[in-house]
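Please read the following note with the sequence and the model open beside it. It is meant for a reader who is new to protein structures.

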Amino acid sequence: MTAKPAHGDFDLTVPQLGPLAAAAPVALAGRLGLHGSFAMPTRPEGEIGLALDGDLGITGGIRQAADLVGPDGKLALRAAITRGHGDSPRVMRIDRLTLDGQAVHLAVTGSQTGARAAGSPVREAGGMLDATVHLAVDDLQRALPALRGQAALNLAVNGPMNDLSATAHLQGQLGTTGMPAGPIMLDAVFHHLPATPQGTVLAQGSLDGAPLSVAADLEQDAEGRRTLDLGHLDWKSASGKGRLVLNPGKVVPLGTLDLQMTRLADLSRLVGQDVSGSVVASVRTSDTPKGGQDASPPVVTLHLDGSLASARASLRRVTLAGTVADPLGAMRTDMALKLDGLAMKGAAGNASITARGPQDALAIAATASLPDLMGAPAALTTAMVLDVPGRSVALRTLQANARGESVRLLAPARIGFGKAIGVDRLRATLAPPGVAPAQIDIAGTVKPALALTATIDNLTPAIARPFMPSLRADGTMTARAVLRGTLASPQGTVTVAARNMKYNADFSGALPPASLDATAQLSGTQARIDATARAGAMVDLAVRGTVPTGASGAMALQTSGRINLAAANAYLGAQGRQVEGTVQLALGVGGPFSAPQASGTLTLAGGQIHDYAQGVQLSNMAGTIVARKDVLAIDNFSASAGPGRITVNGTLGAFQPGLPIDLRITADHARPLSSDLVTAEINTDMTIRGRLASRIDVAGRVVIPHAEINIPNSLPPSIARLDVIRPGADGQVPQDTGSSLVVGLDVTASSPGQMFVRGHGLDAEMQGRLHVGGTADAPAITGGFDMRRGNFNLAGISLDFTKGRVAFNGSGVTQAIDPTLDFEAERATNAGTARLVVGGYASAPKITFSSSPPLSQDQIMAMLLFGTDAQSLSPTQMAEIAGAVATLTGGSAFDPLAKVRNTLGLDRLQLAGGSGVGKGTGTSVEAGKYVMRGVYVGAKQATSGSGTQAQVQVDLTRRLKLNTTVGTGGNVTGFTTPENDPGSSVGLSYQYRY
C-alpha cells in the first residue's frame with residue numbers, strides 16, 4: 001500500500017525567550033528563530049525526515065548560558081525516524097545536532113534501535129543505543145569566573161539499553177586566577193550500565209605546574225551496594241587513598257579515607273595567599289554488630305594533626321581527635337580540639353575544647369591561656385551543657401581575665417536561644433584591677449514574652465582602664481531595668497544614675513564632679529525620658545519628653561539649662577587657650593527620627609576666646625541661634641576684636657538633606673589676630689553658601705587697612721622643616737583621605753597701604769590686591785602686594801629698596817600657599833652699583849648680591865655697607881660685615897630699634913647713614929607714623945645735632961606723591977638733591993619702574 005508523499009517547510013520565531021523559559025522554570029532572556037522542513041514517507045515502513053536550522057541568542061538570565069552561547073548562537077538538526085514494521089525494529093537516528101556559541105560547541109550523533117515488533121522471531125529488550133557526544137568550551141572563565149583555560153569532552157555510549165558501555169575522555173588546559181593553566185586529562189570507562197555499573201576513572205595532568213595523578217574504581221552490585229576504591233591521589237606533597245562502601249538504605253559510607261600533605265605551601269597559589277605547615281587526616285567509619293544482631297549505628301572516627309602559618313595567623317600544632325556515633329540519628333560526640341602555639345594579631349597562646357555526650361546534653365569545656373592578648377596576659381575557663389534540640393545552654397562555670405580585669409560567674413545559669421529567648425538568673429562580677437567589682441544580675445525572658453529584670457551596680461570608669469591605660473576617671477554608675485510586654489511593645493522602667501564622675505588629669509583639676517540621673521518610662525510604642533546632668537556651677541542641663549521605642553513614631557523632647565564655657569578651660573589651658581561665657585539652652589525637638597523639627601533658642605552671653613599661642617583675641621561675644629523647624633538661624637552673632645567687631649548672620653539647614661548653609665560674615669576694623677609675628681586689622685564682607693554634605697562656596701572681600709608682619713630673625717629649633725614644591729619641580733602630593741566636602745573660593749583681599757613687613761633687616765610697607773579662586777584643595781591666586789617704600793638694614797646701614805613685590809605662585813607639600821618674594825635694594829658708588837636681592841619663598845627666603853660691573857661678593861658687601869672697596873675696610877668695618885652675614889644667614893641678632901618702635905607705636909624708626917640732614921655723611925635718626933590712610937608724617941634728626949627736618953608725604957595716586965619738608969638748614973657735601981636737602985621744600989614725585 002502506498003500513499004502520496006508529503007513534505008513541507010515551516011518557520012518558528014520566539015522574540016522573547018523569558019516567558020517560554022519560565023515554564024521550565026529557567027531564567028533566560030534572548031530570542032530563537034528556526035526554519036524547518038519535513039518529509040513524510042509513502043509507505044508505513046518508510047522514513048520520516050526532519051531538518052532544522054536557525055539562530056539562538058541568549059542575552060540574560062543564567063549567566064553561564066549567556067556567556068557561553070551569547071547573542072549569535074547557531075542551531076542545526078538533521079534527524080530521521082523509521083517506524084517498525086514486520087521484522088524491522090523502530091529506528092530513531094540523529095545524523096547531526098549542533099550548537100555553536102561564542103565559547104561553546106556541541107555536536108551529537110547516534111541512533112537508537114527499538115525492540116523488534118511483537119510476534120517477530122527475535123525480540124531485544126529495550127533495544128540498542130549507539131551515540132557520540134562532543135562538547136568543547138573555548139574559555140572556562142565564562143563557565144566559572146575563577147577558572148582559566150579550555151576543555152573538550154568526547155563521550156561514546158553503545159550496547160543494549162539494559163547493559164550499556166560508556167567511555168569518556170576529557171582533555172584541556174586548566175588553571176585559576178592565581179595559578180597558570182596546565183594540561184589535564186581524564187578517562188573513564190564503565191560497563192553494565194545502568195543496573196550494576198562497574199568502572200575506572202583515571203586523571204592525569206599538571207596542576208599548578210606539578211604532576212597530578214588520580215585513580216579510582218567504582219562499582220555497584222546487584223543488591224545496590226556501592227563501592228569507591230581510591231587507589232591513589234598524588235599531587236606535589238599531597239597523597240591519599242581509601243575505600244568506602246555505602247550499603248543499601250544507608251547514607252553514611254563505611255571504610256577508611258587517609259589524606260596527608262607534608263607542605264601546605266603547595267596550596268599557596270590555589271588559595272591566593274602564602275601558607276605553610278602540614279596536615280595528616282584520617283576518617284574511619286564502622287558499624288560493628290553487637291551480639292549477633294544487626295549492625296549498630298555507624299561510628300565515625302576522626303583524627304587530624306597538623307600545623308599552619310599564614311600572614312594573618314599561625315598554629316604551631318592543631319589536633320582534632322575523637323568519635324561521632326550515629327551522626328545522622330541520635331548523635332553522640334566525643335571530640336577534643338587542641339590549639340598549641342596560636343599567634344595572630346593581638347593574641348598569642350594555647351586553647352583547648354572538648355565536647356562529650358548526646359545532642360541534648362553535650363558537655364563542653366574550654367580553656368585558653370594567652371600570655372599576650374593586646375600586650376598583656378589573659379585566660380579563660382568555662383564549662384557548659386548544650387541542648388541542641390532544645391536550643392538552650394546551661395552555663396556551669398565561667399572565669400576569665402584580661403589585662404588584670406576579671407569576669408566571674410557567681411552561680412550556674414541557663415540561657416535559651418531558640419523560640420524562647422531568656423536567662424534563668426545570670427549573676428556575675430566584673431572586677432577592674434584595684435577597684436571593687438561591678439555586680440551584674442539578669443533574669444527573665446525576652447521572647448516570646450518580655451519579662452526581664454536587670455541590675456548593674458558599682459560600675460566605674462576603671463572598667464575601661466585595662467584597654468585605656470591613660471584613663472584616670474572616678475565615679476560610680478548604676479542601672480536598673482524592669483521590663484514586661486513584648487519586644488514590639490515594651491512596658492516598664494529603665495533608670496541610670498552616675499555620681500561623682502570626674503576625669504583626673506593634670507589639666508582637669510578645676511572641673512567639678514558631675515552627676516547624671518536618667519529615667520525612661522516605657523509604655524508600648526513610646527518612652528518618656530527625664531534626664532538631668534549637673535557639674536557644680538558649670539553645667540546644669542535637663543532633657544525631658546517622649547521618644548518612640550521603634551523606628552517609627554514621633555519624638556517630643558525639650559532641652560533646657562546652661563553651660564559655663566569656662567568648664568573647658570581645664571583642658572584648653574594646657575594648650576594655651578581659654579574660653580569664657582555662658583550658653584543658655586531652651587531647645588525642643590519633635591517629629592520622626594527621619595524628619596526631625598526643632599524649636600527654641602541657644603543664647604551665648606559674655607563670650608571670650610583667647611589663643612595665646614596664635615594671638616587670637618575675641619571678646620564680648622554674644623548672639624542667639626534660633627531653631628525654626630528644620631533650620632537653625634544665627635541671629636546677629638557678634639564679637640569684639642580689638643577696636644572693631646565681627647558679626648555673623650545666616651542659616652543652617654541642620655535637618656535638611658545635604659545640610660544647606662547660608663552665612664554672612666562682616667568685620668569692621670576688627671583685629672582678631674595680634675601677636676609678636678602678625679597683628680592685622682581687617683574689614684570684610686563675606687558669604688558662605690552651599691551644602692556641607694557636598695560643596696560650599698566662600699565669596700567676598702577682605703580689606704586690610706593696617707597690618708604688621710614681623711619676620712623673626714631666627715626660629716626655634718623645635719619647628720619642623722617642611723619641604724616646599726616649587727613651580728616645575730617634581731613632588732608626590734599625599735592623597736587626601738579626609739572629607740569629600742569641596743570648598744569653592746571667590747575672595748578678594750586688598751591693602752591700601754600700612755601693611756608693614758619687618759624683620760631679618762627688612763622694613764617695608766606694602767600695598768596691593770589679590771584674588772583667591774578655585775577650591776580650597778587647589779586654590780588659584782592672582783595678584784600680589786607691591787612695596788610702597790622700604791629699606792633693608794644691613795649691619796647698621798639702611799639701604800632703600802628700589803622695588804618690592806609679594807606674589808602667590810608657590811605651594812607647599814599639601815598645596816598650602818607659599819608666597820614668593822622679590823625685593824631689590826641698591827647703592828651707587830664711584831666703583832659701580834651694588835644690589836641686594838631678597839627672593840625665593842616666604843618659607844625659604846634667599847638673599848643674593850650682584851653688581852654692575854660684576855664684582856666679587858666681598859666687594860659688593862663693602863660697597864653696600866661702606867661705599868668703598870674691600871681693601872679699604874678697617875677691622876671694625878670687617879666685624880660689621882661679619883655681623884651682617886650672621887643676620888642674613890638666619891642667626892640671632894639684637895634689634896633695639898624694633899623694640900623702641902613697637903613701644904612708641906611708630907610705623908618707622910631707623911638709623912640712616914650717608915647723605916641727609918646735618919653735615920657731610922653723618923648718621924641720622926628717622927621716625928614716622930601714618931596718621932591716616934595715605935598720609936605719612938615723619939621727622940629726621942642728624943646725630944650731630946646740626947639739623948632737623950620734618951616730612952609730610954601724601955599719596956595722590958598709586959605712583960604720584962606730594963612731598964613736603966620743613967628743615968632747620970645745614971651743610972651738604974656736594975650737590976643738593978630732594979633726598980638730602982636739609983632745608984624746606986615742596987615737590988611732586990612720580991615713580992615708575994621699567
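The numbered points below go from the whole chain to single residues.

1. The structure is a predicted model. Its protein chain has a mean pLDDT of 83, and 80% of the residues reach 70 or more.

2. The protein chain contains seven helices and 57 strands. Of its 994 residues, 33% count as buried. The chain exposes about 53600 Å², and carbon and sulfur atoms supply 60% of that area. Among contacts between residues at least 6 apart in sequence, 40% join residues at least 24 apart.

3. Which residues touch the most other members of the largest nonpolar core? They are V702, M766, F801 and F823, in a core of 46 residues.

4. Strand β29, residues 473-485, holds T476. This residue is partly exposed because its relative accessible area is 34%, a value between the limits of 20% and 50%. Not counting residues up to four places away in sequence, T476 touches N458, L459 and T460, and also A497, A498, R499 and M501. A462 is 14 residues from T476 in sequence, and their C-alpha atoms are 9.5 Å apart in space.

5. Is S282 buried or exposed? S282 counts as buried because its relative accessibility is 17%, and the cut-off for buried is under 20%. The residue is part of strand β16, which covers residues 275-286. Leaving aside neighbours within four places in sequence, S282 is in contact with L257 and D258, and also with T301, L302 and H303.

6. Two cis peptide bonds should be noted. One runs from L193 to P194, with omega near 5°. P194 lies in the loop between β10 (179-193) and β11 (198-207). Another cis bond joins K447 and P448, with omega about 5°. P448 is placed in the loop between β27 (438-447) and β28 (450-459).

7. Phi of N500 is near 55°, a positive value in a residue other than glycine. N500 lies in strand β30, residues 490-503, and is exposed because its relative accessible area is 54%, with over 50% as the cut-off. For K629, phi is near 60°, again positive in a residue other than glycine. K629 is found in strand β37, residues 616-629, and is exposed at a relative accessible area of 59%.

Notes. Residues numbered from 1 in each chain as written. Predicted model: local features only at pLDDT ≥ 70, side-chain atom pairs only at ≥ 80, totals over all residues. Heavy atoms only, no water. Helix = DSSP H or I, 4+ residues; strand = E, 2+ residues; numbered from the N terminus. Buried < 20%, exposed > 50% of the residue type's maximum accessible area, 1.4 Å probe, protein only. Contact = heavy atoms within 4.5 Å. Core = buried A, V, L, I, M, F, W, Y, C linked by side-chain atoms within 4.5 Å. pLDDT = per-residue confidence, 0-100. Areas by Shrake-Rupley, 256 points an atom, 1.4 Å probe, with all protein chains shown as cover.
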